[in-house]
Amino acid sequence: MSETINAFQMAQRQFDGVAKQLNLDPQVSEILRMPLREFKFQIPVRMDDGSIRSFTGYRVQHNDARGPHKGGIRFHPSETLDTVRALAMWMTWKCSVADIPLGGGKGGVPVDSATLSISEKERLCRGWVQQMWKNIGPRNDVPAPDVGTTPQMMGWMMDEYSKLVGHYTPGVITGKPLGGGGSLGRTEATGYGAIYTVREAMKHLKMDPTKCVAAMQGFGNVTQYASIGFKEILGGKVACVSCWDNQDKTSYTYSHKDGVDPKFLQSITDQYGTINKDKARAAGYVIEDGDAWITKEADVLMPGALEGQVNAETIKKMSSRVKIVAEGANGPTTPEADDFFKKNNIFNIPDFLANAGGVTCSYFESVQNDMNYYWTKAEVLERLDTKMTQAFHSVLEMSESEKVYMRDAAYMVAIARVVKAMELRGWI
Ligand code: NAD
């Protein structure tokens, strides 16, 4: 994201606006606009060449009134304490809007995973847990994967925690690999969850999904399954996806005149989300610059990569056909872009509602870990659909009854539930 957009200031600005609308007691706002706890630590890692490199680690615990802190660990070169704070705050709202009994947290390490060998990654993951294990746990704070971290890394982290506490503790971390305490359906959960909300929005707006086109940014976990879901669950067409190219250190948009085939693109994508350009061209794909995704003739836009991508500059290039912006990524839309959506009657499915499928399935994973009994993929996805549909409609209802924009309605639902839990626990 650009240097001028500070994710935490943006998260606070969004919160402050809604706190005012909710007439929230300023003393309560003061608690909620800052994290309850923050950790910053050094992780010394022995590199393969024998040298020692010290990485910075973060964990921010925003609020646990409704249950243990929950949130991913992101490995990304531009990670900062403020990004982690913003993401932790959004996790509180996300768990609350999805109505799962968890609070908000987030972690990170400023690093480009692609520059580390597998064994260096493993030592970095174990090192992160060695610094944090006393402050995480199934009843305390449960991390998960995010940008740049994988199920395998969660497996290593769970193993390190289990060694340190002296007993197998799968519920300390979610997004673990299948066979290592993971849940079926977790890989698809965020992308499919977003598509369930798009389906409900289309019903509300009386749009026929089979006649609709989507343009998506990103082609990682979220957008791969959102694009598959848009095609296979809704019967729509995906005009393009846009993603980062690790070799060229720039982003590209991949489109196809018949709509992209996400499963084919998946088959030519490496583990860091870089699409093989030669194979894509050979299959008839047009490759343009990374920002071209937002200019496509589409009914639905899904920014599913990083923060701040839909902003005052990029919205100038948006097609007037766009009716729905479904935020797969966290914090992809700046307040200026929000104002534009409000003025132009563009229906917004805010990030912490649209992408709540991941954390909802993570919650299902910890429930299954606790029961030591595992559901089928169909059972997981059915429960996910039920939760996402309920979450969407509770926000839509609030939006209609209070005559507010969907993002504000989602905040109102989420904040009211957190405040209620704080009251019930006697915090306020
Ligand atoms: P990922 O690492 O799997 O994929 C990220 C994608 O973004 C990659 O395809 C990468 O190429 C692309 N990208 C990076 N920089 C780009 C740029 N400048 N232009 C275009 N594309 C770019 O990550 P993910 O898990 O898919 O997460 C994406 C977003 O969704 C993040 O904001 C994350 O916090 C959020 N999210 C993820 C989950 C989840 O379960 N994975 C859940 C909730 C929210």
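Helices (H or I, at least four residues) and strands (E, at least two) are DSSP runs, numbered from the N terminus. The views below come from a predicted model, in which local features need pLDDT of at least 70 and side-chain atom pairs count only at pLDDT 80 or more, while totals for chains, interfaces and linings use all residues. Residues are numbered from 1 along each chain as its sequence is written, and side-chain values use heavy atoms, leaving out hydrogens and water.

**View A. The shell around the ligand.** Here β7 is the top contributor, giving three residues. The ligand is surrounded by 25 residues (a heavy atom within 4 Å), and R74, T190, F219, W244 and N330 are the closest. By class, the shell holds eight nonpolar (Ala, Val, Leu, Ile, Met, Phe, Trp, Tyr, Cys and Pro), four charged (Asp, Glu, Lys and Arg) and 13 polar residues (the others, Gly among them).

View B. Look for T190, with a side-chain N or O atom 2.6 Å from a ligand oxygen. The backbone takes part too: a polar backbone atom of N221 is 2.9 Å from a ligand oxygen, and a backbone N or O atom of G220 is 3.0 Å from one.

**View C. Helices α6 and α12 packed together.** Helix α6 (residues 186-204) meets helix α12 (residues 357-371) at about 145° (between N-to-C directions, on a scale from 0 to 180 degrees), and their axes, lines fitted to C-alpha atoms over the stretch in contact, are 7 Å apart. The contact (heavy atoms within 4.5 Å) involves R186, A189, T190 and G193 of α6, with G357, G358, C361, S362 and E365 of α12. Two of these residues are nonpolar, five polar and two charged.

Technical notes. A polar contact is a pair of N or O atoms within 3.5 Å; within protein, one must be able to donate a hydrogen and the other to accept it, and residues adjacent in sequence count only if both atoms are side-chain atoms.
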